[in-house]
Amino acid sequence: MSAEIIDASARVHGISVSDLLSESRERRLMPARQAVAVLLDARGLDATQIARILNRKHNSSARSLLDEHFTNATPEREAQIEAVSDVVLVRAFRGQRNKTQ
């Protein structure tokens, strides 16, 4: 499931998966990483697991993304995260439908 979330977040935010998972600290990458962190957190992963998935060296990186989201969430950022979630759900639905046909 994490690969689907990463791919969807990269697409919604207009960046490559390799950029999203890179060591770069460019600010433009933060919303995509934050969406991944929030959605993985909602699925029960802890900060250490999220940091590993995002290729971050410390769980504090993932915790920082989550803390930033929960303290400074904007309607725009919430809409982006919802869009990522929607893409993942649509892909999962299509995959299930294709299996039954």
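**Exercise 1. Determine where histidine 13 is placed and whether it is buried or exposed in this predicted model.**

Solution. 
1. Histidine 13 belongs to helix α1, which covers residues 2-13.
2. The relative accessibility of histidine 13 is 18%. Buried means under 20%, so histidine 13 counts as buried.
3. The side chain of histidine 13 reaches the backbone oxygen of serine 9, at a distance of 2.8 Å.
4. Leaving aside residues up to four places away in sequence, histidine 13 touches Pro31, Ala32, Ala35, Gln80 and Val84.

**Exercise 2. Characterise valine 88 by its helix, its accessibility and the residues it touches.**

Solution. 
1. Valine 88 is found in helix α6, residues 75-100.
2. With 3% relative accessibility, valine 88 counts as buried.
3. When residues up to four places away in sequence are not counted, valine 88 touches Met1, Glu4, Ile5, Ala8 and Arg43.
4. Between valine 88 and glycine 14 there are two separations to state: 74 residues in sequence, and 16 Å in space from C-alpha to C-alpha.

**Exercise 3. Locate asparagine 55 and describe its phi and its accessibility.**

Solution. 
1. Asparagine 55 sits in the loop that runs between α4 (47-53) and α5 (59-72).
2. The phi of asparagine 55 is near 60°, a positive value in a residue other than glycine.
3. For context, most residues other than glycine have a negative phi.
4. The relative accessible area of asparagine 55 is 42%, and this residue is partly exposed.

**Exercise 4. Summarise burial, contacts, surface and charge for the protein.**

Solution. 
1. Of the 101 residues, 34% count as buried.
2. Take the contacts between residues at least 6 apart in sequence: 57% of these join residues at least 24 apart.
3. The accessible surface comes to about 6,200 Å², and 49% of this area belongs to carbon and sulfur atoms.

Key. Residues numbered from 1 in each chain as written. Predicted model: local features only at pLDDT ≥ 70, side-chain atom pairs only at ≥ 80, totals over all residues. Heavy atoms only, no water. Buried < 20%, exposed > 50% of the residue type's maximum accessible area, 1.4 Å probe, protein only. Contact = heavy atoms within 4.5 Å. Areas by Shrake-Rupley, 256 points an atom, 1.4 Å probe, with all protein chains shown as cover. Lys, Arg positive; Asp, Glu negative; His and termini not counted. Charge placed at Lys NZ, Arg CZ, Asp CG, Glu CD. Helix = DSSP H or I, 4+ residues; strand = E, 2+ residues; numbered from the N terminus. Polar contact = N/O pair within 3.5 Å; in protein donor to acceptor, adjacent residues only side chain to side chain.
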